[in-house]
Amino acid sequence: RQFVGREHEIAQLTDLAPITTIDGTAGIGKTSLAMYCAHRVEHQFPDGQLHVNLRGFDAREPMEPGQALHGFLQALGVAPAGIPAGLEDKAALFRSQLADQRLLIVLDNARTAEQVRPLLPGSPTCAVIITSRNRLDSLTVREGARRVALDGLSYQEATALLAERMGAERIAAEPEAVTALLDLCARLPLALSIAAARAASQPDLTVSGLVAQLRDQRGRLDVLDLGDDDLSLRAVFSWSYNVLS
């Protein structure tokens, strides 16, 4: 309901290619964009949608393709006893099940192309949207995937996001503080949403007061933390940091 901006990317995604990848840094809004567009195009896929979080960047271990396929096959009505054990056999059965169907498949939070490739339907009647913090260039080269790269929101989009969550009057009252808030949050949708939620829960906290809290570089990530792992910038960034050499 509160999704704002990304008009150019939405136009690309709703003009669906067989395979589309969305990549960008942590907190940039890849999953929100994919889900928003999936709902926008649901009428084009009368046989339904399949969604999975592949946990490529997550507190838990990445999901194995075979596990994702097992869940997909069950969702498609295959009895557990009829699901083969091997990855290649599962992938073949999955593609057979989708041969004449019109489904949209959303593969969220992938780490590598190898994790995704067994989950591709290989059917011209289906479409796939993949999100990842990594560029999945081999999918572009080998499977002809279309790439959509996300950057931070524009100042106009980021201001609209804050107005949607904090109220337009509150935003209009402190324009200079709002600009400072956008810069301190790097115009990342997740950071802005967390900051707005903190302000919304404290009616006496002005935008200027929130900016003052965020100016302390040592404590900035503490302010942008609402307790849950997926609502903590420190935790979300750490999942990328931890996979570095």
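**Close-up views of a predicted model**

**View 1. The largest nonpolar core of the predicted model.** This core has 51 residues, and among them Leu162 and Leu181 touch the most other members. Helix H10, which spans residues 189–200, supplies the largest share of the core, with 7 residues. In soluble globular proteins, nonpolar side chains tend to be buried together.

**View 2. The contacts of leucine 181.** Leaving aside residues up to four places away in sequence, Leu181 touches Leu162, Leu192, Ala195, Val207, Leu210, Val211 and Leu214.

**View 3. An open sheet of 5 strands.** The strands follow the order E2-E3-E4-E1-E5, and their pairing is parallel. Strand E2 (49–53) and strand E5 (146–149) form the edges, each pairing on one side only. On average, and with direction ignored, neighbouring strands of the sheet are turned by 15 degrees against each other.

**View 4. The pairing of strands E2 and E3.** Strand E3 covers residues 104–110 and pairs with E2 in the parallel sense over 5 bridges. Opposite glutamine 49 stands leucine 104, which belongs to E3. Strands of a sheet pair through backbone hydrogen bonds, either parallel or antiparallel.

Note on methods
Residues are numbered from 1 along each chain as its sequence is written. This is a predicted model: local features need pLDDT of at least 70, side-chain atom pairs count only at pLDDT 80 or more; totals for chains, interfaces and linings use all residues. Side-chain values use heavy atoms; hydrogens and water are left out. A nonpolar core is a set of buried Ala, Val, Leu, Ile, Met, Phe, Trp, Tyr and Cys residues joined through side-chain atoms within 4.5 Å. Buried means under 20% relative accessible area, exposed over 50%, partly exposed in between (1.4 Å probe, protein chains only). Helices (H or I, at least four residues) and strands (E, at least two) are DSSP runs, numbered from the N terminus. Contact means heavy atoms within 4.5 Å. Two strands pair if DSSP finds at least two bridges between them. Axes are lines fitted to C-alpha atoms, for helices over the stretch in contact, and angles run from 0 to 180 degrees between N-to-C directions.
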